[in-house]
Every structure is written in C-alpha cells, then in structure tokens.
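I set out to look up a few features of this structure and to record them here in order. The entries follow the display.

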Amino acid sequence: MSEEPLVNPEVLEMVGDWRGYVEAKLGFRNHWYPIRFSSELNEGALLVVELLGEKLLLKRIDGKVYAMRDRCLHRGVPLSRKPDCYTKDTITCWYHGYTYRFQTGELANILAVPDSRLCGRRKIQTYPCEEAKGLIFVFLGDEHEVHPLSKDVPPGFLDEDLMVLGKHRVVDSNWRLGCENGFDALHIFIHKDSTLRHFREFNFPIGHTPLPGAVTCIEEEDGPKGVEDDFSKHHPIWDGEIDGQIVVKGPKFDPKKGTSASIGTSIWLPGVLKVESFPVPGITQFEWYVPLDEGRHLYVQTLGQACTTDEERSDFANKFETHWKPHGLDGFNADDIWAREVTQPFYDDDYGWVDEMLCEPDSTILEWRRLAARHGRGIQTKKDLR
Amino acid sequence: MSEEPLVNPEVLEMVGDWRGYVEAKLGFRNHWYPIRFSSELNEGALLVVELLGEKLLLKRIDGKVYAMRDRCLHRGVPLSRKPDCYTKDTITCWYHGYTYRFQTGELANILAVPDSRLCGRRKIQTYPCEEAKGLIFVFLGDEHEVHPLSKDVPPGFLDEDLMVLGKHRVVDSNWRLGCENGFDALHIFIHKDSTLRHFREFNFPIGHTPLPGAVTCIEEEDGPKGVEDDFSKHHPIWDGEIDGQIVVKGPKFDPKKGTSASIGTSIWLPGVLKVESFPVPGITQFEWYVPLDEGRHLYVQTLGQACTTDEERSDFANKFETHWKPHGLDGFNADDIWAREVTQPFYDDDYGWVDEMLCEPDSTILEWRRLAARHGRGIQTKKDLR
Amino acid sequence: MSEEPLVNPEVLEMVGDWRGYVEAKLGFRNHWYPIRFSSELNEGALLVVELLGEKLLLKRIDGKVYAMRDRCLHRGVPLSRKPDCYTKDTITCWYHGYTYRFQTGELANILAVPDSRLCGRRKIQTYPCEEAKGLIFVFLGDEHEVHPLSKDVPPGFLDEDLMVLGKHRVVDSNWRLGCENGFDALHIFIHKDSTLRHFREFNFPIGHTPLPGAVTCIEEEDGPKGVEDDFSKHHPIWDGEIDGQIVVKGPKFDPKKGTSASIGTSIWLPGVLKVESFPVPGITQFEWYVPLDEGRHLYVQTLGQACTTDEERSDFANKFETHWKPHGLDGFNADDIWAREVTQPFYDDDYGWVDEMLCEPDSTILEWRRLAARHGRGIQTKKDLR
C-alpha cells in the first residue's frame, strides 16, 4: 500500500512558474490525444489502449469509435480479459454479468440481477472520440470540458488537402522528455550520422542558438497553444572546437544545392511537435508524445504532404514506404528514442527538473514549459486513475 | 527501508463495521490453518512453508509434527538454507552453530559457545500443530490463545466417517478474494462452460439472489463462526437479457433428472468454504484460502464423503482421481483461480474495498466481512513478521 | 517519486553508540577505496565503475588515473553510454556536446554553444585517485577532506617488499555484512569442509571466544583506525555437543605439525580485513568490502607476501594461481560470500540491527561498529547521489 504523491512536493516548490508542467507527470487532462490509426480498428473490433495511466477499451460501432474505461464498476476487473460482447452495443463482464453500453457507459443490466437498482443509474467512464487524418483521437477528460479538436493539433494539420501517413511505437520515457528532445535545437548533434542524408543535401550545423525574435508564443483564445522557433533567426555553429582544435564539423553545402534540415519547429499542447520542411521541403513532420503512464509514452510519428490528385497521393504513399519511414521515422528518429530513454533515469525521482543545468539555447524549452503550465486544461492525478 | 503501513489508513477510516477484515491483509492471527497434507511429511523429514507472511520449518519427530520459525535468532538467516540436524530433536544453524529444539524452540546450545548465557534462556517462535482428516494444521498465533481445532473448521468436517481427499496450489491473490469468490452466489456465471457438466445434470442458473431468510450468521460461543447461504431460499435467473433479447441461458433440466449444482454454501473463519452436495450429492467440498502473504494464498481444496466400508473408501478414492480432481478441483475451480488473480490488482492498494460497487446479492459477502471482523482472533501485522 | 530515508529513523534511535555505522548504509564518505586492479585500466582506456552509490568514469591519461562522475551536468545522462573522446584529456556528451576535462572536471566547452557563460565556470565532480600495490584507489569524498592513503589501509599493506595479488567480485549484500562476516571469530564453523585443508594442516576449532586482552582498538591520530583480535588469547572449542553427545569435531593436529588457521585478524576503516598467516604462514590476506550500493559490495580479495628476489616473486605468483586463488579466494571464501548474501534479507529493512541476538564472542563486532561510528569521516547520503 502506498500513499506517496505522484510528484515530489519538494521539487514542486522549487520550479517556480512552470510548476504545473512538473505536476503533469501523467499528462494534461482535458485534451485530445491520438491513440491509434483508424485503419487499426475495424468495424466491430475491440482494442485495449492506455492513455494518461488509464486503460481504455475502444470499439467501432456502425463506423463510429467509442472509448470506455476497461474496468468493471463491480469488482474492478478488466472487461477485456474475456470480452463478452453479446450485442453490438454492449459488453458484459465475464465475472458477474454487469453489462455496459459503449455509447454512454451506462450499466444497462446485470444479467443475473435484472431488477438491481443499479441498472440505468450507474455509468462507467467514457470519453469522446474523433477521427481526423486517419488517426483516432480520444478526449481524455471530463465531458463538460470538451474543446474542439482543432485547438489541440498544430496549425495546418487539419488542412483539407493534407495527406497524413505514419506509425507509432512505445518509448520508455516520460512524455515530456519526448517533447523536449524534439523541440530542442541543440540535439541535432546526435543525428550527425543519420542515413537520411543519402536522400537530401542537408545543411546540418552541429547546433544552433536562437537569436532575439526567433521564438514566439502562440496563445490565441480559440486556437492551439504552442511555441514556435524560427530557424532562420538562429546562429548556427559549423565547427566544434576543443582547446583550439576543430574536432567535429557539420556538413555545409553550396547554398544553391543544400538546404537547412528544417526551417523551424514548433511544439503544441498537449505535446505535439511540428517540424517544417522535413524530411524534405514540401513535407511536414507532426509527432505526438502521448502519455501512457509515468515512464512511457506513445510516439505517434506522422508526415503530412499536400496532395490534390490520386497520383500525388500514390507517389507520397510510395515514397513514405521506401524513403521516409525507413530512413526518417525509423532511422533518424531512433536516435531520439534512444536519447529519451537514456535521459529518463535522471528525471525518475523528479529531482532532475531542478538539478539539470540548462544552457542559453534551452530558453526555448523553458518557454514551452511555461506555456504548457499556463494553458494545460488539467493535471492528471493518481486519483483520476482510481 | 520502508515504514509504510500494511493497509492504507485512509481506506480503514472509510469501511465502517468491517474494518478488521480490511486490516487482516495478512490473515487473522490465532487460528488454525491447514498447510500441507500429512502424506507430504514423512518421519524425520523437513518442510519449509509460508503462513501469514512467516516462514516456518515443519518436522515430523516420532510421528508428531512440529512447526518453528525458519530464522535463526542470531543474525536472522534461514535455518533451512543448509539444514544441519545433528540430532533428531534439534536443528543447528549452519552459520554459527546456534542449536534449537523443535519441540519447544529453546536455544539448546551454541556449539562453539557452550557456556553462553543465552542457552536455555532464549526461544525461537514455535506453533502448535495438529493433524486431522489427512491435513496438517498449524495454529498461527500465541500459545495462550490456542482454541480447539473444531472451532476453526466447518461443521461436519471432523465427522468420524468422513473421508477427505484433496490437493493444494498457490494462487496469486490475497486470501480474501478467494473467500469472496467462493461464497459469492453470482459468480456461477463464470462456470457456464465447465466440463464438470459431463458428469452430472446440473441445474445451473446464470445467477441467483438470496431471498429473506436465506442467509444465517452462526456465532455460537463454542463452535466455528460462519455465514450460511441456503440456496433453496434463492431466486434463480435462467435467462440473461440485454435490450429485451435473451443472450445467455442457464441449463435447466427436468426436475426429476436434474439437481441444483449445490444446495448451499457457507464460509467460516479463518477462511474456509463448505459447498454442500458438490460436485455431486453425497460429497461436500471444503476449501481453504490460507494467507501466504499479502498477494498470495494457498488454495487447499478437499472433498469429503462419508465412507464406512473399505469398498466405499476405495470407490471414493478412485472416483476422486478419475472424475472429481480433473474435472472439479482442476477444471471447474481453474475458473475461480483465474478470476481471483485477475481481480487482485484492483485491491492491491486497498482502495478497491471502497471503490467497488456491490449489488444486492453481494449482501452475503458483506455479512461475511462483518462476521470476520467481529470474530477474527487477531490481526497479523508487519510487526509479527519481524 | 520517493522521499523515503536511506535508513529507518526508528532503528537509528535504538542503536545507541554505533548509530553512525547504521547510518552508513552506503558507506563512509571521505575515504580511499580500491576499485580495480591497475592492470585492468590501460593507457587511454575508459572504465565505468560504481562506488558508494555513484557511477564513475575512470580514465588513464599519460599514466595517471582520473575519476569523474559519469553524468552530464546538462540533462543528467551517462557520458559513458556513447563516449565521445575527441581529445585525450576530454569527454564530450553525445547528446548536446557538453565537453569536460578529466583532470579537473571543468566544463571546457559546449561544442555548439562555444560562448556559453557556463564554460569554464561549472565542474563535474571528480575524485582523487592513487595507485598502490597494483590497485587503483579512489578517494570518494570532498577535496578539502583528503587524507593520505596510508591512513585507510591496514598496517603493513604498503610495506615496500610486499607483493600483492588478488581478484574481485560483486557480492549481493551490504558492505557491513562483509566486514562482520570476515571479522567474526565464530563463523569459522561454515568453513569446516574447505578444500583449502589439502594444502595445509590447520588446527581448526569449531569456534573460539576472545578472552580478556584479545581485542584492541587502534586509534592513533595519524594512522589507520581498526580493531585487532589476537587469536592466541582466544579460548577455542574443539567439540560441538548437543544433549551430552559430541556431534561435530574441529580438526586438531600434533602441535609440532599443525598450526592455527590464522594468528589473528583485524578490521580497518573504511572496511578492510587483515588476516595474518593466512592461508599459510608468510602470507597475509587483505580483503576489502567496497560499498557499491545499499545491497551490493565489491569484494576485493588480495594476498600479500614479502618478496625480495625475482625468484620469490615468480614463485608467489605461481602458487597464487595454482593454490591460493582456486582453493582460498575462490573455494574457501565462496562460503563467506554465500553466508553474506543469505544474511542480507534480515537487514534489508534495517530492523536486523536491533532484532539480531548477538552472543558473547560478538563483542568484537560491537567494538568494530563503535570504532567505525567514531572515526568514519562522513556518511554517504542520498543527497550525495543527486
């Protein structure tokens, strides 16, 4: 038995104006999160997923996706351990016959106690679902707090002609280390040997520092909340020196041939990165760091390209399979996954948030932490998991 | 290092008149528990067993069984890790020669320090043992609290002509989930596909609810304390309906051929169930949920049949091996074992006791919890394990 | 997240005048510890080691050994996970290019942020290193507390003509159980069947108790601090009796042939045992119990013999490989390693220190605990690990 708090209270006292971000170890409640691709859930099929520490059942009924806590109200067992779906709309607990309606969560019946006063009066928790760009989004939060999906995705993601393809995998780090790894302009240092280079002539400094004006907070009432970092307003470093000796060089191409790896990145609530012109101009990488529990996140990696004809769509799908998935999402981003997982132990006991020693370019990360603390719509707590 | 309490104090405050039951996570102290079959411990042999969180050494000396804590007083090592039994009555610690007498626990000698003032003045903890119906029972408690075994077994179990056969296995759930799974009249729902049906024409409703008068608390001063549930005073449900449609039916036979699965169950302190007329009329199932530690119990499953002749005994033994063990104790009860293990995580942090949502027929379970809290002779605590 | 103290405060209140010893679960800070043999670290090579709960990087540069915390100041990642050593004297963090100088720990550069104000102003923790008798010693403590190595090794260990050979292995017990197992005169009981006997006619009582005058505390200002136990002032027991019957006998030889297994032992801060005339007269065993973390120690086993000629050295090296390593350090001491690991669980939650039941000869152990509490130069705490 344990009463220990989710986050070390001593640390919370020390972090000042981004306290809410440190509190959100399990993620921000009352936001939309992509949890699977639409193609992974066929009509009538059932999926068990995790989200912000909760176990959820997803079912597609008459085309629409529903999400319900995967835990019987009666004795707390997972319904999914032996899913008895006697009708299209319901699931019956294998243990004592408690029967729930997917659309509402309502306890419709207890098979052996049809006249129980509980029937029709109790509900299992359900969450709104929406599908967009081939992803299933779940609003993990309270019904009266539902906001439109457009406020929880980066600008441009819902553009009508944008075709989105992607993959997902589980990463053994807290979701925030995902956000910070992605948005961090200095971490380019770990990608120096990426095979992605074979497909494009990158200008690839060993790091770059934002100059005044590079970073902008976007906080419009009705839109998504995020921080943008404009790489054209950065000071790049091409040569790494130690004791006056150049020890590492970033590749720099003829400006007519080479381009920057990206022209800028931005990070948005509830934890999604947008990388413009990446892996090549014309494509944008959108990637989510979806909290699964305290120590793991679902890394949802997508690429979006504007396509108006079937030929363009087919060409993008083809290039995705042969180039961008193997060399970008798998190869290039494998460096990032590894870095997040190796960083995790330092933050395990929360002291990392105060013991870290940030340097000047990390000011972009601090902007993000503060913005997230200001605009996160709620902190997921241990109590929410009960 | 940890000072955390065994049971969440916040939960204890909330459970009202069965608080003692929630406190008894490690079981009730000062009761008799069956721990092995007599046939498993030959003359002179040594066994290591667990009981209520303690590790015990069992030895049979001149026919009688003795139980002693398996931990040297000196530096706390398990005597059993290298058992040096130089004489029939003693065990010598392999590390420094501390020598204990099984019958009393007395520190008889320290081999290399024969004149130590500790000799004859210190004792390792021992517990009374008794054998009955082929089982070894240990009284896990304090000597001045010993009660007769007959107060800790269900009525009828010690009947002279009752022949008892059985088996045991470790289940990964707290002992109370064993008790409640067994005594719960609704859980019959999980047995709908049991192969045991091949051997008997059961009337097997999908559930049944006790009517007034079905449940009786037995609390006589000198007898065992338990709760009886008379199935003849139950309202059975044969058809499970969802939205007006019958989705599952319980088998119901011609009353001349079929019989109820059981005519009633009862649950007794310190955690033993009696199922009458089961698996067939003429046989009674007695099963114990013996606490091993917080998360595991020993499931001691026995069947008793009145036998007065050798032929009857031989016939019962034969049927036990060919019918009741494979299809009852192994097959039918495997459903129960699985259900308890899947339920355990919800109760791991104790909040399950207050977050569960019981329905009307579960009033029998509440009777049991209250009775156990009233009559349990002591709570096993972490301090008892030191 | 956890705030739990390293040692149970309730236990600390109960142990009286050796409280500091119980507090030193992670070892005493500000002492010299042998961590590897010199032959294990070649010029330019890098090793990762643990010491008192900290992870350290060792590197040999121009013949000299340096030790540095293996954790980047920036985001806390282990530098060793992908060691980028662009120059002989430095290591660069693989994640963002923070570059440290081994000799001082100084943050020499951040490759992509060469003008960061942190450069030259921040240091990673380093520790002094010395080599002696073929061992690499690290002073795990604060620079202003450094004492000479000679105060942290047993008398005689640094003698000019002493040749030292040895091995090391990780043992799954706290370091103090190593010290107490080695210094404990009674534990000889576990060695009764050692194959080491084939190489020497030991007089091997089953135990021996110090008489008045056997035990001496050595606490001179400028020397090592330790407790000596003179076996010539012990009362040996040759026959182990139970109920008047001799059940075990210690081998006792003709005094002209046989010798005592050892003429005495002593234990020294920060946790090193000296066993004189062992495994044979003319050789001394020195063994360290180096704290790795709360539950493991590095068992550094060495034998020293005075050698003045190459022939003597070659002969000792030969005998070490054929006799003393296989039958002493491996065979005989395997009993000790096993005993420490089996004892560990009793002390896991610290209650062992107050629940143990010591006997008269254990007074030598109490002397050691008190001396260690008096002279340990600092307690390693969880805060030191941050």
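I looked up Leu51(B) and found that Leu51(B) stands opposite Glu54(B) in E3(B). The model is a predicted one. I then traced the pairing: E2(B) and strand E3 (residues 54-61) of chain B are antiparallel and share six bridges.

In chain B, four strands make up an open, antiparallel sheet, ordered E2-E3-E4-E8. Strand E2 (46-51) and strand E8 (126-127) of chain B each have a single partner strand, so one side of each lacks a neighbour in the sheet.

I then examined burial in chain A. Five of the five residues of strand E20 (residues 264-268) of chain A are buried, so the strand is largely enclosed by the rest of the structure. Gly264(A), Ser266(A) and Trp268(A) lie on one side of E20(A), with Thr265(A) and Ile267(A) on the other.

I checked the partners of E20(A). Strand E15 (residues 226-230) of chain A joins E20(A) antiparallel through five bridges, and Asp229(A) stands opposite Thr265(A). Five bridges also join E20(A) to strand E21 (residues 272-276) of chain A, again antiparallel. E20(A) and E21(A) form a hairpin with three residues between them, and Gly271(A) in the turn has a positive phi of about 125°.

Definitions and conventions: Residues numbered from 1 in each chain as written. Chains lettered and ligands numbered in written order. Predicted model: local features only at pLDDT ≥ 70, side-chain atom pairs only at ≥ 80, totals over all residues. Heavy atoms only, no water. Pairing = 2+ DSSP bridges. Helix = DSSP H or I, 4+ residues; strand = E, 2+ residues; numbered from the N terminus. Buried < 20%, exposed > 50% of the residue type's maximum accessible area, 1.4 Å probe, protein only.
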